[in-house]
Amino acid sequence: MAAATYGSFDDHHPPAQELLDDCVHCGFCLPTCPTYALWGEEMDSPRGRIYLMEMAEKGEIPLEGAFTTHMDRCLGCMACVTACPSGVQYDRLLEATRPQIERNVPRNRADRLFREAIFTLFPYRRRLRAASLGGALYQKLRPKRMDALLAKLPKRFERLVAMESLLPPVSVRDAFARTPAVTPARTTSEHPVRRGRIGMLVGCVQDVFFHQVNLATTRVLAAEGYDVVAPREQACCGALGLHAGREEESIRRAKDLIAVFEQADVDVIAVNVAGCGSSMKEYGELLADEPEWKERGEEFSRKVRDVSEVLADALAESRAPRHRVDATVVYHDACHLGHAQKIRQQPRDVLRSVPGVDLVELPEAEICCGSAGIYNMLQPEAAGDLGRRKADNIRGTGADLLVTANPGCLLQIRKYLEGDLPMLHPIQLIDASIRGVRPPGM
């Protein structure tokens, strides 16, 4: 029997031919693809990228050059998966292709060093906390002319300029604070029995720069009758690396996180970061080559739920009365929540549980804001065009408040909204309503 050939791909999980064959090249994906919307270039559409994968699989083109360029330009937002009438699993094709590039295509020195710098910092909370000290000092001393100075830098520095512009307001106190290891359920005479024991992912960037979101999450879940466990030993879930094709690193992080939450003995693992939740629900597939870990990964993934899923299920018998918040709220669907996890209705139901909230929909909701993990740092020009487009659509709604369930989206949209309206994670609005206080920033 002839040996299997993979063309320009190596033999470690190349894009599956049967998945490539699912695409009938109809073009329904084109209007929802952010890069096709920007440039109208066929090779920067899902259909075009699948053509490139097919050509590489046949050995007709190398992975170097145009192939890598067009794959790098993809945000991985998965809007095409939602739009496709044929059920093409572009997400699985892209997840198979990016590790091929990382293994087989040498990056130029500047690109390689920049990517390594990102992954040497962002998945590590201790390093992020140390960096927050420098960030806080920089923000305090930042000259008023800095924007003008940065604008004059040569194009080769555009990634560093983009990273600087995305720096969130740094609170050293929050950065060094820790999410409580255990937050007991709030019980009452009316509801004396706890609902269950929930594990909570605290995240990396989330816990350091969005610590208040984690605290709001623990308060809301406890108010709804859940014991909340946030193991101190937990580290990065591997999502950032997985979406960038760093497969071995992601596998190692997935195993470590599974082991931590197995020891925690929880019923559910709640996640308040869309990108993390998306990857954590796929651990069984990520670990498919190792039967023991595959089984443990599948068991872990069955427990993973976005916090909006948990709260939506609790709405029928909610234990935490909501106080009124009079506000017109626009909800931005984070791509890895809406497209990857198919979670759209639950966040809306939870937000509408707050009296006084008028929830409005966002035009072009399916189009990514340009954050996409580390995309806005690696592809700042395209990300900037998408960020401005999203900000214009948000302003057009006339909303008083924007909510979205991903820290990357919050940072990206904040940059282009330029302070036009407050921005929160949905859980912060629910938390304020339960406590009867004004939402942060309003």
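1. A pocket, as the term is used here, is an open set of grid points with protein on both sides within 12 Å along at least five of seven lines. The model under review is predicted, and its largest pocket has a volume of about 910 Å³. The lining of this pocket comprises 48 residues, and those nearest its centre are Phe122, Val205, Gly373, Met377 and Leu411.

2. Two or more residues each come from H8 (125-141), H10 (158-165), H12 (205-209), H14 (239-243), H16 (274-280), H20 (335-338), H22 (375-378) and H24 (407-417). The largest share, 5 residues, is that of H8. By class, the lining of the largest pocket divides into 34 nonpolar, 13 polar and 1 charged residues.

3. Of its 11 residues, 9 are buried, so H24 is largely enclosed by the rest of the structure. The buried residues of H24 are Pro407, Gly408, Cys409, Leu410, Leu411, Gln412, Ile413, Tyr416 and Leu417. Their cover includes the helices H12, H22 and H23 (380-396), together with the strands E6 (327-332), E8 (401-404) and E9 (423-424). Just after H24, Glu418 adopts a positive phi of about 55°.

4. The largest nonpolar core has 73 residues, and the most contacts inside it are made by Ile118, Leu221, Val329, Ile394, Leu402, Ile413 and Leu417. Helix H24 gives the most to this core, with 6 residues. Apart from neighbours within four places in sequence, Ile118 is in contact with Pro123, Met163, Ile374, Met377 and Leu378. A second, separate core has 25 residues, including Met53, Leu63, Met78 and Leu93.

5. The structure also holds 5 cavities of 30 Å³ or more. The largest cavity contains about 390 Å³ of space. It is lined by 29 residues, with Cys74, Leu75, Arg98, His243 and Ala244 nearest its centre. The elements that supply two or more residues to this lining are H6 (90-104), H14, H16 and H22. Helix H6 gives the most, with 6 residues. The lining of the largest cavity has 14 nonpolar, 7 polar and 8 charged residues.

6. The second largest cavity has a volume of about 140 Å³. It is lined by 17 residues, of which Cys23, Cys29, Ile50, Cys84 and Val88 are the closest to its centre. Helices H3 (46-57) and H5 (79-83) each supply at least two residues of the lining, and H3 gives the most, with 3 residues. The lining of the second largest cavity divides into 13 nonpolar, 3 polar and 1 charged residues.

7. On the cysteines, a search of the whole structure finds 0 disulfides. Cys237 is in no disulfide, and the nearest cysteine sulfur, that of Cys276, is 3.7 Å away. A disulfide requires cysteine sulfur atoms within 2.5 Å. Cys237 is buried, with a relative accessible area of 4%. For Cys369, the closest cysteine sulfur is that of Cys409, at 4.0 Å, which is too far for a bond. Cys369 likewise counts as buried, at 1% relative accessibility, and Cys409 is among the buried residues of H24.

8. Backbone geometry calls for a check at two loop positions. Most residues other than glycine have a negative phi. Met78, however, has a positive phi near 70° and is placed in the loop between H4 (66-72) and H5. Its relative accessible area of 7% makes Met78 buried, and Met78 is also one of the residues of the second core. Ala372 has a positive phi near 50° and is found in the loop between strand E7 (357-360) and H22. With a relative accessible area of 23%, Ala372 is partly exposed.

Notes. Residues are numbered from 1 along each chain as its sequence is written. This is a predicted model: local features need pLDDT of at least 70, side-chain atom pairs count only at pLDDT 80 or more; totals for chains, interfaces and linings use all residues. Side-chain values use heavy atoms; hydrogens and water are left out. On a 1 Å grid over the protein atoms alone, a cavity is a set of points where a 1.4 Å probe fits but cannot get out, and a pocket is an open set with protein on both sides within 12 Å along at least five of seven lines; lining residues have an atom within 4 Å of a point. Grid points are joined across faces, edges and corners, and a volume is the space filled by probe spheres set on the points. Helices (H or I, at least four residues) and strands (E, at least two) are DSSP runs, numbered from the N terminus. Ala, Val, Leu, Ile, Met, Phe, Trp, Tyr, Cys and Pro count as nonpolar, Asp, Glu, Lys and Arg as charged, and the others, Gly among them, as polar. Buried means under 20% relative accessible area, exposed over 50%, partly exposed in between (1.4 Å probe, protein chains only). Contact means heavy atoms within 4.5 Å. A nonpolar core is a set of buried Ala, Val, Leu, Ile, Met, Phe, Trp, Tyr and Cys residues joined through side-chain atoms within 4.5 Å.
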